[in-house]
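Subject: Structure for your review

Dear colleague,

Please find below the structure that I am handing over to you, together with its sequence. My findings follow directly after it.

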Amino acid sequence: MTFQRILITGASSGLGAELARQLAGPDVTVVLVARNIDRLEQVAETSRDTGAAAHAVALDISDPLMGQKLAELDRRYQFDLVIAAAGIAAGKETTEIARQITATNVIGVQNTVDAILPGLIERGRGQIGLISSLAGFRALGGPPAYSASKAWVRLYGEALRGRLARKGIGVSVICPGFVDTPMVDDTTRAKLGQQLVAVDQAAALTIKALQQNRARLSFPRAMALRVWWLAAQPAWLSDRRIKRHQRATQTHQDRSD
């Protein structure tokens, strides 16, 4: 399966920007959505260098009013691939930051799908890609709002896939571990080592999953297996193992300081 008319939210940096670069090419139209128009234009220019028609659109997907603009874009371009890649995270979640995360990672994804879905259903074809996370399977003591938001995206996408299958529309839920993007701080990057996935590799894996209409893609494999294993255990047992891991991690950090 190939895609020629593509919408990507969160396309100004990170995985969204890399997906835009790799999906671009001759006879391909990519519409890139994010809040930062300057960074968005840089990604669009890179896409144009490959021969693609690239359009940068500054929108805040957490604003319900943006749905009308996305619907207008869909009527103009008739997208055959929609990737909801916009998302934010924070190491320390205040109440306000948690609300911002929920607004972007949950409401923003729903706003995007709600705006585009009528056109996809009318045409009876298309692919939707939702970017979740391995944090959406079992929270490992990290930021709670972020983990909860990614769990919502995963379950929302999986339910949506079942509902839309008979309408000719595919839905793929992408669940990465840590991808080497600006969202990963230097301390985490040093601690993860080889478990940190290069952004170009993450994008290539994601595109392949979308082309194959895979229900779910989780990577890297070792981290995914560990998270699934913890999620399958009774809560009291997985809690014990997570606490043990956290103590070991903290001891290692103390020795490194």
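Helices α4 and α5 pack with their axes 9 Å apart and at an angle of about 15°, and they are therefore roughly parallel to each other; please note that this is a predicted model. The crossing of this pair, α4 and α5, is right-handed. On the α4 side, the contact is made by A98, I101, N105, V106, V109, Q110, V113, D114, L117 and I121. The α5 side contributes A145, Y146, S149, K150, W152, V153, Y156, L160 and L164. By class, the residues of the contact of α4 with α5 comprise 14 nonpolar, three polar and two charged.

Three aromatic pairs are found in a search of the whole structure. One of them is formed by W152 and Y156, which are stacked, with 4.5 Å from centre to centre and 15° between the planes. Because W152 and Y156 are four residues apart in helix α5 (residues 144-164), about one helical turn separates them.

Helix α4 (residues 95-123) also meets helix α3 (residues 66-77): their axes come within 8 Å and cross at roughly 30°. That angle makes α3 roughly parallel to α4, since angles under 35 degrees are counted in that class. The crossing in which α3 passes α4 is right-handed. From α3, the residues in contact are M66, G67, L70, A71 and D74, and from α4 they are N111, T112, A115, I116, G119 and R123. This contact of α3 with α4 has five nonpolar, four polar and two charged residues.

A further helix pair is α1 (residues 14-23) with α7 (residues 199-211), packed at an angle of about 65° with axes 9 Å apart. The crossing of α1 and α7 is right-handed. G14, L15, E18, L19, Q22 and L23 of α1 make this contact with V199, D200, A202, A203, A204, T206 and I207 of α7. Eight nonpolar, three polar and two charged residues make up the contact of α1 with α7.

I turn now to the sheet. It is open and has seven strands in the order β3-β2-β1-β4-β5-β6-β7, with parallel pairing. At the edges are β3 (53-58) and β7 (216-219), each of which pairs on one side only. From one strand to the next, the twist averages 15°. Within the sheet, strands β1 (residues 5-9) and β2 (residues 29-34) run parallel and are joined by five bridges. I6 stands opposite V30 in β2. Helix α1 lies across β1, β2, β4 (81-84) and β5 (126-131), and runs at about 165° to β1.

Finally, two points of backbone geometry may interest you. The peptide bond from F219 to P220 is cis, with omega near -5°. P220 lies in the loop between β7 and α8 (221-232). In the loop between α1 and β2 lies D27, which has a positive phi of about 65° although it is not a glycine.

Yours sincerely

Methods. Residues numbered from 1 in each chain as written. Predicted model: local features only at pLDDT ≥ 70, side-chain atom pairs only at ≥ 80, totals over all residues. Heavy atoms only, no water. Axes fitted to C-alpha atoms, helices over the stretch in contact; angles between N-to-C directions. Helix = DSSP H or I, 4+ residues; strand = E, 2+ residues; numbered from the N terminus. Left-handed = near helix turned anticlockwise from the far one by under 90°. Contact = heavy atoms within 4.5 Å. Nonpolar A, V, L, I, M, F, W, Y, C, P; charged D, E, K, R; others polar. Pairing = 2+ DSSP bridges. Parallel < 35°, antiparallel > 145°, perpendicular 65-115°, else oblique. Phe/Tyr/Trp six-rings, centres within 6.5 Å; stacked < 30°, edge-to-face > 60°.
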